[in-house]
Amino acid sequence: MIHSLAVVHPDSKIAESAEISQFATIEKNVEIDEGTWIGPNAVIMEGSRIGKNCKVFPGAVISAIPQDLKFDGEETTVNIGDNTTIRECATINRGTKAKGATIIGKNCLIMSYVHIAHDSIIGNNCILVSYSGVAGEVVVEDWATIASGALVHQFVHVGKHVFIQGLSKVLKDVPPYILAGREPLAFAGLNSVGLKRRGFSTDKIREMQEIYRLIYQNGMNNSDAIEYVEKNIPQSTERDDILNFIKNSKRGIIRGLLD
């Protein structure tokens, strides 16, 4: 399954059912699991760990050294989960001593010309649309979508089930389950369409809408709003996800439309 015109380092570990296309380059210290396809002219560099049934399209570069002046040649990796697709000319840099790895979860779609920088963590079932970019040490939780041309600042945390509007500048943390849009980036309601598609009930969506109404539209600061929600909204997984995210935010959360 390795084309005669591919360049494959003898020290790489490639599963028998993986397919390496013509003109692809596989460097040393690379592991590629069962059923994965590496397209023509893709470059899989040292430190790549690619799971099962992935697809890497032409021109993609996986595990190039970090674009970080603090990088000192330490051995680090890019870890890509099963069933993830990396489209044309996407670039994913490997980690630094800060975290040791850049991680992409399972069932993700990384579209053409996306850049994911060193030590970032992308959860499962995420979509990064063409020309979006994620700086170093960003965390994007499961089921998040970052639309075309959006740029995420270093150290930002994006919550689960978030949808970020295209061409956005993401400078602060984005709490879970919401739509984020406008300029500057702001809370623009719940990601109701996405949540319905993923099986959230109408009652659960209404509960989350009420929580965010109290946080963003009730005239309270974040600390008072969190305390009020804890006392007045029954405990649930989603309530705790939202409150814990805000409590643990290091950059502060995006503002509301009326702020």
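Colleague: Which elements do the buried residues of α2 pack against?

Modeller: They pack against β26, β27, α1 (192–197), α3 (222–232), α4 (237–248) and β28. Contact means heavy atoms within 4.5 Å. This is a predicted model: local features need pLDDT of at least 70, side-chain atom pairs count only at pLDDT 80 or more, and totals for chains, interfaces and linings use all residues. Residues are numbered from 1 along each chain as its sequence is written, and side-chain values use heavy atoms, leaving out hydrogens and water.

Colleague: What makes β27 largely enclosed?

Modeller: Buried means under 20% relative accessible area, exposed over 50%, partly exposed in between (1.4 Å probe, protein chains only). Four of the five residues of β27 (residues 186–190) are buried, so the rest of the structure largely encloses this strand.

Colleague: How do you know that the span of α2 agrees with its 15 residues?

Modeller: Helices (H or I, at least four residues) and strands (E, at least two) are DSSP runs, numbered from the N terminus. The expected span is 1.5 Å times one less than the number of residues. For α2 (residues 202–216) that should be 21 Å; the end C-alpha atoms are 21 Å apart, which agrees.

Colleague: Why are β26 and β27 said to pair?

Modeller: Two strands pair if DSSP finds at least two bridges between them. β26 (residues 178–181) and β27 have three, in the antiparallel sense. A180 stands opposite F187. Four residues lie between the strands of this hairpin, and R182 in the turn has a positive phi of about 70°.

Colleague: In which sense does β27 pair with β28?

Modeller: Parallel, over two bridges, with β28 at residues 255–256. A186 stands opposite R255.
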